[in-house]
Amino acid sequence: MTLTSIHIIAFGMIAEKIKTKELVLEYMPDTEVLLGYLYQQYPDLQHTKFSLAINKKMAVGKTAIPVGAEVALLPPFSGG
Amino acid sequence: MDRFERQYILPGFGKEAQHKLKQAKVLVIGAGGLGCPVLLYLSAAGVGTIGIVDGDMVSLSNLNRQVLFGEGDLGLNKAETAAHFLKAKYHDIKINCIPEFITTQNIKAIFSKYDLIIDGSDNFPTRYLVNDACVLLGKPLVFGAVYQNEGQVAILNGKGHNSINYRDIFPDPPTAYEIPNCNETGVLGVLPGIIGTLQAAEALKYLTGYGEALVDKMLFYNLLSHQCYTMELSKNPDSKKGIPSSMEALETTDYAVVCGDGDSIDWEEAFALLNKFPGGTLIDVREADEFPKLKGHPYQSVPLDLIDEKHQEWLNSELILLFCQSGVRSLKAVKMLEKHFPGKKIHSISGGIEAPDSPIY
């Protein structure tokens, strides 16, 4: 991983759909660009609800991604 | 000496914190995989009043994780069985048993008697209902949920007005067929054991002010790697859209429909419809080796994987009713068949063969 990349970590069924728990991607400026890329690469994600966190803080709406950030893809769980 | 000595001698906890626990009134929703450890540890810690709400009955497949119950409890109500067990263990706390499912109709009356709510339910309609009621009634909520080998814990609505609630994280409920529950995907019993124990720990910390509780934070835990990930939650402007404007509005909200479960009917309605439409078809979409089998009613057995392939068989059925173990796979089958037969009467039977009103009981 370099400072010009984004480190993606995925949880639950998101990790199943992208078939890995971790990904290193080329730098992208904000969450909209990132989501566009993810939806294109993994069309299954379009039908899945999940939340995003950048460097362990939940990101709402279009949010800038700092260089070298860790972005988490966080789905809801319902089991009990 | 009393049974709480080992915790009040802890530096920073003390008799004052113990007194706060004695005064606390905590409601536990669901005496299942999460609820069992929550109940065991809250009662052991001396929480003065504990309510247990669960309308479900103990079944054999629950026993790997619902550790309050044993083979002798099969078919018994979970809230009653748990309450009976805890009352026999401790004389110095009050246990209230509510042997019902939480609904839009009973939630206000039940919540009004408690000052902390712990969600150990197992489905999105209940989780969104509980969240919305906590927001409207101003109750803090200890949230916990599991999926396969992972779990989530958070304290929501913990700072009064403008606190983070569940809809800030996930504004719209996923549909029931989008994300399966434990009955569908399997779970090692220790995972809800760990997550439920974390919920109990957070409840004790929140009630006493001991340590730093997960207020407005969500912890993710992975059983296989023991990795933890804690994120700071944020307010989401979309969260308000989904929450009813008042408790009166909540009472008329259909959370099953909100969560895309609107194609579901119960067993009573299913048999009434089959009587009305004698040309209707009842289909079990489970695998052949799944039990219990439905008895006394004609049905076809077609596993979910084959539903698409075999759909032509039901071209002339005026009604198609589908069931499985708990109502998730049958909902997926509804979505598949609706594509082939738009407009046809196709329903999933809510809760499946394990539903409280299932003919197997």
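Q: How do the residues of the lining of the second largest pocket divide into nonpolar, polar and charged?
A: In this predicted model, the lining has 10 nonpolar, 5 polar and 6 charged residues.

Q: Which residues lie nearest its centre?
A: From chain A, A:Phe50 and A:Ser51. From chain B, B:Ile169, B:Pro171 and B:Asn236. The lining has 21 residues in total.

Q: And which elements give two or more residues to that lining?
A: In chain A, helix H2 (31-41), strand E3 (51-54) and strand E4 (57-59). In chain B, helix H7 (166-169).

Q: Which element gives the most?
A: H2(A), with 4 residues.

Q: How much space lies in the second largest pocket?
A: About 450 Å³.

Q: OK, on to the contact. How many residues does it take from chain A and from chain B?
A: Chain A gives 25 residues and chain B gives 41.

Q: What area do the two chains bury between them?
A: About 2,600 Å². Carbon and sulfur atoms carry 59% of that.

Q: How many salt bridges are there between chain A and chain B?
A: The count is 2.

Q: Which side chain does A:Lys21 meet in a salt bridge?
A: That of B:Glu150, at 3.7 Å, N to O.

Q: Which ones are buried?
A: B:Gly35, B:Cys36, B:Pro37, B:Val38, B:Leu39, B:Leu42, B:Ser43 and B:Ala45.

Q: What follows H3(B)?
A: B:Gly46, with a positive phi near 90 degrees.

Methods: Residues numbered from 1 in each chain as written. Chains lettered and ligands numbered in written order. Predicted model: local features only at pLDDT ≥ 70, side-chain atom pairs only at ≥ 80, totals over all residues. Heavy atoms only, no water. 1 Å grid on protein atoms, 1.4 Å probe; cavity = no way out; pocket = protein on both sides within 12 Å on 5 of 7 lines; lining within 4 Å. Points joined across faces, edges and corners; volume = space filled by probe spheres on them. Nonpolar A, V, L, I, M, F, W, Y, C, P; charged D, E, K, R; others polar. Buried < 20%, exposed > 50% of the residue type's maximum accessible area, 1.4 Å probe, protein only. Contact = heavy atoms within 4.5 Å. Buried area = accessible area lost by both parts, 1.4 Å probe. Salt bridge = Lys/Arg side-chain N within 4 Å of Asp/Glu carboxyl O.
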